[in-house]
Structures are given as structure tokens and as C-alpha cells.
Amino acid sequence: LRSCSPGRARRTNASRRACLVARFGDIYAQERLDAENLLRTYISDMEMVQRIIYIAAVESFHAAKMAYRQFKIRVRETLSLGHSGPESLEDTVLDYIVRHEDLYDVQGSVNEVIRSMNINPKISFPPEIDFIVISTLIRELCRVAFSMQTLVPPLDIAFGTDGELFSETKYHRSFDSDFTAVLVAYHVWPALMENDIVIVKGEAVTKR
């Protein structure tokens, strides 16, 4: 009999977490700016461009988390039929998902994000263009958000609303902010959270 030991997913948790946090930072530094430059060719209003990207990030995490929950239910149902240990069923399910993340239908999530963005009243787009132009950013965010759900504990983004009190622990101010303003006018990038603790600051614009 094999000894009872934590599953592979738990043993690799710290290294996977480090890679995913770094990847989230890379997306902010690279894919976000690429999407910003692309959108600027269609939209002159920088605030609208940044709102679109922020909402794409929020919707990507939402879609990926929904997809993960559904994927996990299917895996648990399948593996429970023949599960005998020594690892717990939950650990076995997590191991399977980590090993088979390529089975995640990321395109389905991308489509879901674009559908949600099309009906979001806070953002608008020239009618001849589609949000699909930033699908590279959306796809990478969905991938990283899905993988973050396999961590123990999972990582998530902070919930942000226009007009909220600016938090120094949660956000950096954008360079064009009014640094004396105490309220968030709009968000540029979400903060990354672990158990309600900020591990990577987001970015917000403050104005009077």
C-alpha cells in the first residue's frame, strides 16, 4: 500500500502559485499594454480604453471560475466511481485537473467574456469593431484565472466599484490621477487576492 501523502497538486502548490503570480504580472506589463495600443486605434478616449480592459479582466476571472467549477464537478463525478484512495477524492480530483488543464475549453470562456462585455452598460465600442480584437488578452487572463483556481487556497481578484474609497494597500494610483483625491474614478487593473489579502496591487485612477 502506498503511504497517505498529499497529492501532487498540493506538493507543487507553492511553485505553481509563484509562476501564476508572476504570469499575472507579465499580463499586466505586456498583453494589457498590447490591448491598450490596439484599442487606441479605434477609440480616442483613454478612459474608455482602460475601462474596457479592466472589465475584460473582471469578466475573464468570472468566466474562468465558472468553467472551473463545472469542470471540477464533471471530474469528481467521473473519478468517484472508481476511487479507492489512498489520497482523498478531493486531492485526486485536484491532481487530475492540474495534469489535464489543457482540457479546459478556454475558447468557450473567451466567447462568454465577449458576450458579457457586449451588454455591459459602462463600456461602448464603435459598431464596426468587436471586442474580439482583444481576445489574446482575454484568453491569457482566462488561462491564468483557471489555473489559479487549482491552488490551495485559490487566488482571485478584488471586487472594485467606481466611487469607492481609494485604498493604498489595494491599488497604485495611475500617473494621471489627482493624488489629493480620495475616491476611485475608475479602475485600470484589478488587485490580486489570496484569502482577502492583497498579494499584487492593482491600478486605479483617482479624480475629484
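Which side chains meet in a salt bridge at 3.7 Å, N to O? I started my notebook with that one, and I found Asp162 and Lys122.

**Entry 1: getting oriented.** I reminded myself that this is a predicted model. I then looked up how the protein chain is divided, and I noted domain 1 at 9–154 and domain 2 at 158–207. Taken over C-alpha atoms, the centres of domain 1 and domain 2 lie 21 Å apart.

**Entry 2: where the domains touch.** I looked up the contacts next, and 19 residues of domain 1 meet 18 residues of domain 2. The size of an interface is often given as the accessible area lost when the parts come together. I looked that up too: domain 1 and domain 2 bury about 1700 Å² between them, and carbon and sulfur atoms carry 62% of it. On the domain 1 side, I wrote down three names, Phe24, Gln50 and Tyr54, which supply 37% of the area that domain 1 buries against domain 2.

**Entry 3: charges and polar pairs.** How many salt bridges does the rule find across the interface of domain 1 and domain 2? I noted 3. I also looked up polar contacts between domain 1 and domain 2, and the count is 4 residue pairs, with both residues at pLDDT 80 or more.

**Entry 4: which elements face domain 2.** Helix H2 (13–29), helix H4 (46–80) and helix H7 (135–148) are the elements that each give two or more residues to the side of domain 1 that touches domain 2. The largest share is from H4, with 7 residues. I sorted this side by class and got 13 nonpolar, 1 polar and 5 charged residues.

Entry 5: Most residues other than glycine have a negative phi, and most peptide bonds are trans. With that in mind, I stopped at the bond from Val152 to Pro153, which is cis, with omega near -5 degrees. I found Pro153 in the loop between H7 and strand E1 (155–157).

Entry 6: Where is Asn195 placed? I found Asn195 in the loop between strand E4 (192–194) and strand E5 (197–200), and Asp196 is also in the loop between E4 and E5. Asn195 is not a glycine, yet its phi is positive, near 50 degrees. Asp196, not a glycine either, has a positive phi of about 65 degrees.

Is Asn195 buried or exposed? I noted 57% relative accessibility for Asn195, so Asn195 counts as exposed. Asp196 has 73% relative accessibility and therefore counts as exposed.

Key
Residues numbered from 1 in each chain as written. Predicted model: local features only at pLDDT ≥ 70, side-chain atom pairs only at ≥ 80, totals over all residues. Heavy atoms only, no water. Domains from an automatic or database assignment. Contact = heavy atoms within 4.5 Å. Buried area = accessible area lost by both parts, 1.4 Å probe. Salt bridge = Lys/Arg side-chain N within 4 Å of Asp/Glu carboxyl O. Polar contact = N/O pair within 3.5 Å; in protein donor to acceptor, adjacent residues only side chain to side chain. Helix = DSSP H or I, 4+ residues; strand = E, 2+ residues; numbered from the N terminus. Nonpolar A, V, L, I, M, F, W, Y, C, P; charged D, E, K, R; others polar. Buried < 20%, exposed > 50% of the residue type's maximum accessible area, 1.4 Å probe, protein only.
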